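Biologist: I'd like to learn how to read a model like this one. Could you walk me through it?

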Amino acid sequence: MRLPEISQLLDAEVLVDGEGTDQDLTAAFAADTMSDLLAFGTAGAVLLTRMTSPQVIRTSEVMNIAAIIVINGKIPAKEVIQLARELHVPILATRLPQFEVAGLLYARGLRGA
């Protein structure tokens with residue numbers, strides 16, 4: 001799946017467009033702590049999270065995470081969104097809970113990272 005397809009599927013708002021939004025994404029993972037992000041993060045995968053701190057953006061950029069999907073209706077602060085723009089880290093925000101997001105992505109072919 002490509003990021004625009006994911007955005008439409010999840011009825012997600014695109015907060016930050018990033019480079020490579022037309023790449024075919026095949027994996028996703030969920031993390032709600034920085035230690036889980038570091039332990040389970042995989043380059044090229046989509047991160048599902050409730051975390052909205054600058055550290056998530058910086059870590060995702062270093063780990064080459066393809067995109068961040070912020071779940072449960074959370075919206076990062078303007079400063080965090082600006083940092084993501086500067087680092088070219090795509091961010092989507094959806095009101096859906098993690099369980100539904102993971103199920104929808106899995107049903108469309110994304111697998112665990």
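Modeller: Gladly! The chain has five helices and six strands, where helices (H or I, at least four residues) and strands (E, at least two) are DSSP runs numbered from the N terminus. This is a predicted model, so local features need pLDDT of at least 70 and side-chain atom pairs count only at pLDDT 80 or more, while totals for chains, interfaces and linings use all residues. Residues are numbered from 1 along each chain as its sequence is written, and side-chain values use heavy atoms, with hydrogens and water left out.

Biologist: In what order do the elements of the chain run from the N terminus on?

Modeller: The order is α-β-β-α-β-α-β-α-β-α-β. The radius of gyration, taken over C-alpha atoms, is 12 Å, close to the 13 Å that the globule rule gives for 113 residues, so the chain is as compact as a globular protein of that length. That rule is 2.2 Å times the number of residues to the power 0.38. Along its principal axes, the C-alpha trace spans about 35 × 25 × 25 Å.

Biologist: What percentage of the residues of the chain count as buried?

Modeller: Buried means under 20% relative accessible area, exposed over 50%, and partly exposed in between (1.4 Å probe, protein chains only). Here 42% of the 113 residues count as buried. For contacts, meaning heavy atoms within 4.5 Å, take those in the chain with a separation of 6 or more: residues 24 or more positions apart account for 51% of them.

Biologist: Now a single helix. Which residues of H4 are buried?

Modeller: Helix H4 covers residues 78-87, and its buried residues are Val-80, Ile-81, Leu-83 and Ala-84. Seen down the axis of H4, these fall within an arc of 160°, so they line one face of the helix. The arc is that of the directions from the helix axis to the C-beta atoms.

Biologist: What covers those buried residues, and what does the face turned away carry?

Modeller: The cover includes strand E1 (13-16), helix H3 (54-63) and strand E5 (91-93). Lys-78, Glu-79 and Glu-86 are the exposed residues on the face turned away. Just after H4, His-88 takes a positive phi of about 60°.
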